[in-house]
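Please look over the sequence and the structure shown here before reading on. The briefing that follows takes up a few individual residues, then the nonpolar cores, and then the packing of helices.

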Amino acid sequence: MKIAVVYWSGTGNTEAMAGAVCDGARSAGAEVLLFTSGEFDESKANDFDAIAFGCPAMGAEALEEGEFEPMFAACEPKLGGKRIALFGSYGWGDGEWMRSWEERCAGAGITLAAESVLAHEAPDDDVLEQCRALGAALSA
């Protein structure tokens, strides 16, 4: 199983979550490559059996618009039939951006392989464990 973990992080919170997702996938025996959203594009999507995408809530509970959103939109048509998972952090609101992102995926025919992981501010030990479990679930 070859897995990509792709993330955007402004404060390091989502980056820490991405590291834990990688750890969980590797511990389950997967080959894992970590990318920032600036390093990943739709041409790489076909190289992986599963992809975990991580992005914090920005602005009015939206995905980061300068780099992550364009990358994810370009990848969307190639994600059907792959094992996909979502994670990210937020500092305000109630996680609406994640619900919207999950609905967007469902509308595009993308099935999520695991329950999305959210962290309010910095991920605590429980959230990091959830991220490791998410990585392991992608490897199944």
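In which loop is the place of E121? In this predicted model, E121 sits in the loop that runs between β5 (117-120) and α5.

- E121 is not a glycine, and yet its phi is positive, at about 65°.
- With a relative accessible area of 39%, E121 is partly exposed, because that value falls between the limits of 20% for buried and 50% for exposed.
- E61 also has a positive phi without being a glycine, in this case of about 55°, and its place is in the loop between β3 and α3.
- Is E61 buried or exposed? E61 counts as buried, because its relative accessibility is 11%.

**The nonpolar cores**

- In soluble globular proteins, nonpolar side chains tend to be buried together.
- The largest nonpolar core in this model is made up of 25 residues, and those that have the most contacts inside it are F40, I51, F53, F68 and W101.
- At least two residues of this core come from each of β1 (2-7), β3 (50-54), α3 (68-75), β4 (83-90) and α4 (96-107).
- If residues up to four places away in sequence are not counted, F40 touches A4, V6, F35, A45, F48, I51, M71 and C75.
- There is also a second, separate core, which has 23 residues, including C22, A30, C131 and L134.

**Helices α1 and α5**

- Two packed helices are described by the angle between their axes and the distance between the axes.
- Helix α1 (residues 13-27) packs with helix α5 (residues 125-139) at an angle of about 45°, and their axes are 6 Å apart, which means that α1 is oblique to α5.
- The crossing in which α1 passes α5 is right-handed.
- On the α1 side, the contact is made by A16, M17, A20, V21, D23, G24 and A25, while α5 brings V127, L128, C131, R132, L134, G135, A136 and S139.
- Sorted by class, the residues of this contact are 10 nonpolar, 3 polar and 2 charged.
- S139, which lies in helix α5, counts as buried because its relative accessibility is 14%.
- Leaving aside neighbours within four places in sequence, S139 is in contact with M1, I3, A25, A28 and A30.

**Helices α3 and α4**

- The axes of α3 and α4 come within 12 Å of each other and cross at roughly 20°, so α3 is roughly parallel to α4.
- Which residues of α3 meet which residues of α4? From α3 they are F68, E69, F72 and A73, and from α4 they are W101, R104 and C105.
- By class, the contact of α3 with α4 holds 5 nonpolar and 2 charged residues, with no polar ones.
- A73 has its place in helix α3, and it counts as partly exposed because its relative accessibility is 33%.
- Along the chain A73 and M1 are 72 residues apart, and their C-alpha atoms are separated by 24 Å.

How values were computed:
Residues numbered from 1 in each chain as written. Predicted model: local features only at pLDDT ≥ 70, side-chain atom pairs only at ≥ 80, totals over all residues. Heavy atoms only, no water. Core = buried A, V, L, I, M, F, W, Y, C linked by side-chain atoms within 4.5 Å. Buried < 20%, exposed > 50% of the residue type's maximum accessible area, 1.4 Å probe, protein only. Helix = DSSP H or I, 4+ residues; strand = E, 2+ residues; numbered from the N terminus. Contact = heavy atoms within 4.5 Å. Axes fitted to C-alpha atoms, helices over the stretch in contact; angles between N-to-C directions. Parallel < 35°, antiparallel > 145°, perpendicular 65-115°, else oblique. Left-handed = near helix turned anticlockwise from the far one by under 90°. Nonpolar A, V, L, I, M, F, W, Y, C, P; charged D, E, K, R; others polar.
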